[in-house]
Amino acid sequence: MPTLFLTIFLTFIFTFLIFSPSDFMNATKSMAASSVALSNFYFLGEADYFDTASNFKPLLHTWSLGIEEQFYLLYPVTLLLLIKFFKNKKARVALGLSILFLISFFLTIYTSKYGVPDSISNLFMPEDEISTNVSSLQFYLLPFRMFEFLTGGLLATIPTVKIKSELSKLFLNLLGLGTIIFSAIFLSKDIPNLSSPNLVPCLGAGLLLFFPPSKYLSFVFGSKPLKYIGKISYTLYLIHWLLIVIYRYMFDGEFDLTVRIWLFAAMILLSSLIYHYYETPLRYTKSKFSIKSNKVLFASLIGCILILFGITFNVNKKQGWLWRLSKENLELVEKIGVPKDYHANNWGGANYNPGWIGSNPKKGSTPDIILMGDSHAGHYLYGLDSIMVKKNKKTIYISNWFTSLKLPDFIRNDRDGMAAISKKQFAKDLKIATDYPESNVVLSHSWTSQINRSEVLNPLTNEYEKFSQDSIGFATIAKKIEEFHSLVGNKRKLIIIGASPKTKSNELNYIEKLLRPKYFSKLISVPTASTFEQNQIAFNSFFENYFKNKTNIYFIDPSPAFCDNGECYKQLDELIFFSDGSHFSKDGSLHAVSFFENRFLEIIDGKSF
């Protein structure tokens, strides 16, 4: 408890000094959730754990503490009931725990393959977060993590094994150690169905814990530096991510080797200081401030929680304490509105839902345009509504912008359950398109991102395979676009909107950079332009040439609206074009659609401008 609350209060200090109002508000909410062991539920309702936005959440890692505390509340009761039911017969207790282990493990496998029913997932996150619900539910909720804890619980029911052979001990020790090292190297966010392989490092740890250490590895097990790391490991776990987030928030981007070394040294030093001069005295001394007393422990716990909830309430009521901002920043706040959640409120697709733009027309009406794609289709909606609907009197029907390619034989397969969901969503979109056979179809994606997360069906093997960000991969998509055009009717017009500019994946989004508090803002520059990524340039160039002479398929490149000679502008005078690292704001959406308005109308109406 002491180090957790110290970390939370350090988080408050650092985020107060450097976080924008909206990020400061979100940080305080996570502080309150972490203080009562519910941070896993809090982060479940936000972005995916591996999402870029997660790079700037200083208490994200406390999700595991939430799960642990929930487990340690339920497990003792469960164990006591099993002991009582089976009359303290260890073998039967082990059987009961094994059944719970298998239920948890196969529940994880089943949901990875078949997904989670909407009625359950909607209890924890809104329907529009469907793109991450399976992996996030598995990552953040105890039922899908139970088997990992029960690996250790089952070890306690197995009789101790005595091994005389040092070579046998050495083999088992190396097997356990090798399994953990293997997991650290090869288990990553890119592995499909990641939750099930989590069993592998648990088994490795189990082997090390259960079998006696070999004398040949005494230099490892008896190593003083490693033992010391073990002593400070809990403190190191709590501190490390906070330091990473603070540095990343201030300076953006990836860390080079020098920065990594300095950060690692800072983590070890700060963890050691906290362990020796704060945590240990509170836990083990007999002073009146020691938490060895239950009364002091309870009073400290309640006091800290009340303080944190009070801070959270005040910060969110006062809009992230706007008084922390400079005069110039306050003027920006007045322009864009209260920065409670800039991305949600000022994203080009904010407040638009699947279906007709505006009020539903009369039954039997046909939309001029059906907009399909992912969130990079959604971010054009404000501009399309303003220019195509209100100005040019066109009607638009919005498909669901689920984050996968809306093309035949593609699946998104970078998260558990995504393959089944992407097939289901494409079938829905295809039906919408065929229901309105006279409508023009507009297809827009974050194309290069979708390539990284998608697989395409190989007709020879009937297996889904990865494809590359090169001319071969681009051609694969282009051919599937032609196939899609045939499915929906190749006499209708299909408009492809190309890749739009975006910042580097680990960068803080532009508006949050502009709204940093005054304390350090002068030390950190905020460039108004970024480099257009080469793979996006290559994609747009390939598609421009590929569809140049195709019948009824047209390509529009949005990048010239924002980019010149490879430099892409995030702001023009008082217009801020992006709501985050890759999505257009309302200003950006309007700017983009204004740029290709005449071309758009020329395609739809067949008129020249």
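Me: Before we start, what does contact mean here?
Reply: Contact means that heavy atoms lie within 4.5 Å. With that in mind, and remembering that this is a predicted model, residues 24 or more positions apart account for 78% of the contacts in the chain with a separation of 6 or more.

Me: OK, and how many helices and strands does the chain have?
Reply: The chain has 25 helices and 14 strands, and of its 609 residues, 51% count as buried.

Me: Let's look at two helices, then. At what angle do α1 and α12 pack?
Reply: Helix α1, which covers residues 2-18, packs against helix α12, residues 224-251, at an angle of about 5°, and their axes are 10 Å apart. Angles under 35 degrees count as roughly parallel, so α1 is roughly parallel to α12.

Me: Which residues of α1 and α12 meet?
Reply: On the α1 side there are Thr 3, Leu 4, Thr 7, Leu 10, Thr 11, Phe 14 and Ile 18, and these meet a set in α12 made up of Tyr 234, Thr 235, Leu 238, Ile 239, Leu 242, Ile 246, Tyr 249 and Met 250. Sorted by type, the residues of this contact between α1 and α12 comprise 11 nonpolar, four polar and no charged.

Me: You mentioned Leu 65. Where is it, and is it buried or exposed?
Reply: Leu 65 sits in helix α4, and it counts as buried because its relative accessible area is 11%, while the cut-off for buried is under 20%.

Me: And what does Leu 65 touch, leaving out residues up to four places away?
Reply: Leu 65 touches Leu 4, Tyr 234, Tyr 237 and Leu 238. Leu 238 is 173 residues away from Leu 65 along the chain, yet their C-alpha atoms are separated by 9.8 Å.

Me: New topic: where is Phe 467?
Reply: Phe 467 is in the loop between β7 (463-465) and α21 (471-488), and because its relative accessibility is 13%, this residue counts as buried.

Me: What is around Phe 467, not counting residues up to four places away?
Reply: Phe 467 touches Leu 405, Phe 410, Ile 451, Ser 454, Glu 455, Val 456, Gly 473 and Ile 477. One of them, Val 456, is 11 residues from Phe 467 along the chain, with a C-alpha separation of 7.3 Å.

Me: How about Thr 448, is that buried or exposed?
Reply: Thr 448 is buried, with a relative accessible area of 2%, and it belongs to helix α20, residues 447-453. Apart from residues up to four places away in sequence, Thr 448 touches Gln 469, Lys 502, Asn 535, Gln 536 and Phe 539.

Me: And Pro 143, where is that?
Reply: Pro 143 lies in the loop between α7 (133-140) and α8 (146-155), where it is partly exposed, with a relative accessible area of 42%. Leaving aside neighbours within four places in sequence, Pro 143 is in contact with Ser 104 and Leu 107. Pro 143 and Ile 67 are 76 residues apart in sequence, and 9.6 Å apart from C-alpha to C-alpha.

Me: What about the phi of Asn 552?
Reply: Asn 552, also not a glycine, has a positive phi near 65°. Asn 552 is in the loop between α23 (534-546) and β10 (553-556), and at 16% relative accessibility it counts as buried.

Key:
Residues numbered from 1 in each chain as written. Predicted model: local features only at pLDDT ≥ 70, side-chain atom pairs only at ≥ 80, totals over all residues. Heavy atoms only, no water. Helix = DSSP H or I, 4+ residues; strand = E, 2+ residues; numbered from the N terminus. Buried < 20%, exposed > 50% of the residue type's maximum accessible area, 1.4 Å probe, protein only. Axes fitted to C-alpha atoms, helices over the stretch in contact; angles between N-to-C directions. Parallel < 35°, antiparallel > 145°, perpendicular 65-115°, else oblique. Nonpolar A, V, L, I, M, F, W, Y, C, P; charged D, E, K, R; others polar.
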